[in-house]
Amino acid sequence: MAPIVSAPQARRTIRYLAVLEFANGLDQSWLLPVLPAIGERYGVDAGGLSWAISANLLASALYVPILTKLGDRYGHRRMLQIAVALATVGLVVVAIAPDYGLFLAGRVLVGAMTTFLPLNFAMVRDGSAGESAAGIGVIVASLTLGSAVGGLLGGATLVWTGDLTLTLWVPALLMALCLIIPFRLVPETTTRAGGRVDWPGALLIGLGLGTFLLGVSKREWSWALAGLAVLSFWSWYALRTREPLVDLRRLGRGSIAPLLAITALMGFVLLGQNAIRSIYAGLNDDLGYGLGLGAAQIGLLLFPSSCAASLGSAVTARLAARYGDRATLAAGALVIAAGYLELALAHGSVPAFLLGTCLEWFGSGIVFAIIPSMLLARSPATEAGVTSGMYNLLRSAAASVGATVFGVILSTLVAGGRPVPAESAFVAVWSIGATLMAVCALLVLLLRKDETCAS
């Protein structure tokens, strides 16, 4: 049972964790407006740039279940300390990398930032003094607000300094400053769960998912099939292991199975398309499409949609209290679908592009704020870290697949044989997004109304 803590102490912890998530969002989005400059530095095309996202998400698919499981057993603050340290080292490597391979290695280390959210969720639930749902909303809102500021400042810093290396040093220094939060400013959780870490399962997940994504990105289908075979073996192994890294048996629980399916689809689409906006906005408009924007202008373009996501997160608790969590989740998915549909039909001007992306990210702010609280409400307190870990694992793994698949679409559908994505490639990507978000809204119907865990 979680200890009883005072409301002021709980709010203080939430504030510190919100600051950390603000830095998390800022550091992660800092890269987006400078992606075209990174492609120029290392000589990689749009498909190759997708690996800047895929490598990060693939690594997070391993970090999340391992560190959250260890957090449930040894303490979530302790694992947060490790995650912040790894992310700091990774951001330094990204800043100084002399080639694209080392740059991607840095992005793998930066993947530890994905564990901030599930570890923070567990810390909020353990010492929330009854403010768990509101605390989660504040933390997610801080993350999305940081994303808005990071995208804005990342592009502006590159234009101001004219130096990509110096621009990439800024998020590294910020994360180094944030080390004080897990080491000094927040308390350790006290709820503990027994068990062990499934290291063989971690190896199989990493090997299978990495091989699959490499095969898809290189169009080496034998490698992709080999990756699927490894993942199939891992599934067989996980279902027969007493304490698997990822408990696939949870996927059959009616209370959370639809939520996990929605999480995977959201990750595949929303996070998988994270680089698409920057790539499209940076295309020369003499092609007849694209917006022809520079790094600072791309940052400005991303800012309103990131603010929309933050607004969506901030209003989620009120919407859920008034209309119920299922209706709120379905509405968020439909708003995202409307945004993608608008992008597919009208993307030739900055105002039209802004309208579609703002709808998309307002809806994403709602769904990414409501799903974690719904999952935690339907899970035992002793499994908070594992439940949050599965949420982030599915989101990250699906996002890494999405980034790779969408990267292949961009590099396959090219403009007249040139190494530039054709307009039809972007329309295809956005149409897929609209369709899958409509599917998410339908999946909400499978959820039982406002169910909570008996514990």
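Analyst: Happy to; we will take some labels in turn, keeping in mind that this is a predicted model.

User: Let's start with Thr241. What makes it buried or exposed?

Analyst: Buried means under 20% relative accessible area. Thr241 has 9% relative accessibility, so it counts as buried. You can find Thr241 in the loop between α11 (221-239) and α12 (257-271), where it touches Arg196 and Arg249, not counting residues up to four places away in sequence.

User: How do you know that the side chain of Thr241 makes a polar contact with Tyr237?

Analyst: A polar contact needs a pair of N or O atoms within 3.5 Å. The backbone oxygen of Tyr237 lies 2.7 Å from a polar atom of the Thr241 side chain, so this distance is inside the cut-off.

User: Now to helix α5. Why do we say that its buried residues line one face of the helix?

Analyst: In α5 (residues 100-110), the buried residues are Tyr100, Phe103, Leu104, Gly106, Arg107 and Val110. Looking down the axis of α5, you would see these buried residues within an arc of 155°, so they line one face. They pack against α2 (35-42), α3 (46-74) and α4 (76-96).

User: Why is the pair of Tyr42 and Tyr100 called tilted?

Analyst: The structure holds 10 aromatic pairs. For Tyr42 and Tyr100, the ring centres are 5.6 Å apart, within the 6.5 Å that pairing needs. Planes under 30 degrees apart would be stacked and over 60 edge-to-face; theirs are at 45°, so the pair is tilted. This pair links distant parts of the chain, with Tyr42 in α2 and Tyr100 in α5, 58 residues apart. At 15% for Tyr42 and 14% for Tyr100, each of these residues is buried, because the cut-off is 20%.

User: What makes Phe426 and Trp430 a tilted pair?

Analyst: Their rings are 5.9 Å centre to centre with 35° between the planes, so the angle falls between the limits of 30 and 60 degrees. Both residues lie in helix α18 (residues 423-443), 4 residues apart, about one turn of the helix. Phe426 is buried at 0% relative accessibility, and Trp430 is buried at 1%. Ring pairs also link Phe426 and Trp430 with Tyr280 and Phe353 into a cluster.

User: One more! How do you know that the charged end of Arg395 sits over the ring of Phe368?

Analyst: The distance to the ring centre is 5.1 Å, and the cut-off is 6 Å. The definition also asks for a direction within 35 degrees of the ring normal, and the charged end of Arg395 is listed as sitting over the ring of Phe368.

Definitions and conventions. Residues numbered from 1 in each chain as written. Predicted model: local features only at pLDDT ≥ 70, side-chain atom pairs only at ≥ 80, totals over all residues. Heavy atoms only, no water. Helix = DSSP H or I, 4+ residues; strand = E, 2+ residues; numbered from the N terminus. Buried < 20%, exposed > 50% of the residue type's maximum accessible area, 1.4 Å probe, protein only. Polar contact = N/O pair within 3.5 Å; in protein donor to acceptor, adjacent residues only side chain to side chain. Contact = heavy atoms within 4.5 Å. Arc of directions from axis to C-beta. Phe/Tyr/Trp six-rings, centres within 6.5 Å; stacked < 30°, edge-to-face > 60°.
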